[in-house]
Amino acid sequence: MSTAVEFIHVGKKFADSTYDAVRDVSFAVEEGELVTILGTSGCGKTTLLKMVNRLQQPTSGTIKVMGEDISLVDPVQLRQKIGYVIQQIGLFPHMTVGSNIATVPKILGWDKQRITERVDELLTLVNLPPAEFRDRYPAQLSGGQQQRVGLARALAADPGLMLLDEPFGAIDAINRGNLQDELLSIHQKSHKTFLFVTHDIMEALKLGTRVMIMDSGEIWQFDTPENILKHPADAYVEKLMDSFRQGYAFALERKSMAGERDG
Ligand SMILES: Nc1ncnc2c1ncn2[C@@H]1O[C@H](COP(=O)(O)OP(=O)(O)OP(=O)(O)O)[C@@H](O)[C@H]1O
Ligand SMILES: [Mg+2]
């Protein structure tokens, strides 16, 4: 197995800022992993992700993708090989759903029929019937539907590395659960590597082969969900996991109360 993404003492300090958004971070993600990145608002998750496809430049350190120092790779070529779902969805408003999804395949010069088939396949995958949604514009979709198109667009050219920044943030619990299962099955069937940012502890533990817990620009723990639950690295992680356990216990209790009431 080879290393898909490696950070070596990477830091990011924005020019007009007094603190480091990302602080001396080192880690390696192996090919085929699905890493979830969890942390409070402003802790540096998006900044970390954007440095992988050079939408942000680190102020220190080295980042390698598939063993290559990305500061030496042409950013446009780099991005064609990396699927990216941005936090604010970011569909092209003047283009139909179908054209949005076809963006990278078009750049790569796929023929028309292959593109049409791929668009329909992906729309079906994310549960948007192609005949209904293919020719709509983003403004004619709900927020959650737009997020699903964003995911389809990122998957279009079958990139080996996927960066997902809170891709299911605007999606209701039922559809979110379905999409999480879909993502797990895409992950199991492919050798793709995923970096998946989320606020949601449950989502992070459910999806991640490993979970990266960040706070104040630093990684506090990077381990399997089991180990994080069993052996939280410090008080911060322990508090986070306690809030998860309490929520889970509360939900179970409510469920059994509802069972007694209904049955
Ligand atoms: N372009 C920028 N210029 C200056 N500071 C920035 C810029 N982008 C982000 N920051 C700062 O860097 C820090 C990390 O931001 P980032 O967007 O990475 O957080 P995040 O973990 O993704 O938060 P959220 O969960 O709210 O999306 C924040 O304090 C933010 O204000
Ligand atoms: Mg963010």
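1. A polar contact here is a pair of N or O atoms within 3.5 Å; within protein, one atom must be able to donate a hydrogen and the other to accept it, and residues adjacent in sequence count only if both atoms are side-chain atoms. By that rule, a polar side-chain atom of S41 sits 2.5 Å from an oxygen atom of ligand 1.

2. Some ground rules for reading the rest. This is a predicted model, in which local features need pLDDT of at least 70 and side-chain atom pairs count only at pLDDT 80 or more, while totals for chains, interfaces and linings use all residues. Residues are numbered from 1 along each chain as its sequence is written, chains are lettered from A and ligands numbered from 1 in the order in which they are written, and side-chain values use heavy atoms, with hydrogens and water left out.

3. Ligand 1 also meets the backbone. A polar backbone atom of G42 is 2.8 Å from an oxygen atom of ligand 1, and a backbone N or O atom of G44 lies 3.0 Å from an oxygen atom of ligand 1. Of the 640 Å² of accessible area that ligand 1 has on its own, the protein covers 68% (Shrake-Rupley method, 1.4 Å probe; for residues, only the protein chains shown count as cover).

4. Which residues are closest to ligand 1? They are Y19, S41, K45, T46 and T47, out of 15 that surround ligand 1 (a residue is near a molecule or strand if one of its heavy atoms lies within 4 Å of it). By class, this shell has four nonpolar, eight polar and three charged residues. Ala, Val, Leu, Ile, Met, Phe, Trp, Tyr, Cys and Pro count as nonpolar, Asp, Glu, Lys and Arg as charged, and the others, Gly among them, as polar.

5. The magnesium ion (ligand 2) is coordinated by T46 through OG1 and by Q87 through OE1, at 2.0 to 2.3 Å. T46 belongs to helix α1 (residues 45-52) and Q87 to the loop between β6 (82-85) and α3 (97-101), so the pair ties together parts that are 41 residues apart in sequence. Donors are N, O and S atoms within 2.8 Å of the metal (3.2 Å for Na, K and Ca); water is not among the atoms, so the site may look incomplete. Helices (H or I, at least four residues) and strands (E, at least two) are DSSP runs, numbered from the N terminus.

6. T46 is partly exposed, at a relative accessible area of 22%, and Q87 is partly exposed at 30%. Buried means under 20% relative accessible area, exposed over 50%, and partly exposed in between (1.4 Å probe, protein chains only).

7. Helix α7 (residues 143-155) has 13 residues and reaches 19 Å from its first C-alpha to its last, close to the 18 Å expected at 1.5 Å a residue (1.5 Å times one less than the number of residues). Twelve of the 13 residues are buried, so α7 is largely enclosed by the rest of the structure. Among the buried ones are R148, V149, L151 and R153.

8. R176 lies in helix α8 (residues 173-189) and is buried, at 16% relative accessibility. The R176 side chain reaches the backbone oxygen of F168 at 3.1 Å.

9. Two backbone angles deserve a look. D24, in strand β2 (residues 22-30), has phi near 45°, a positive value in a residue other than glycine. S216 also has a positive phi near 45°; S216 lies in the loop between β9 (210-215) and β10 (218-223) and is partly exposed, at 39%.
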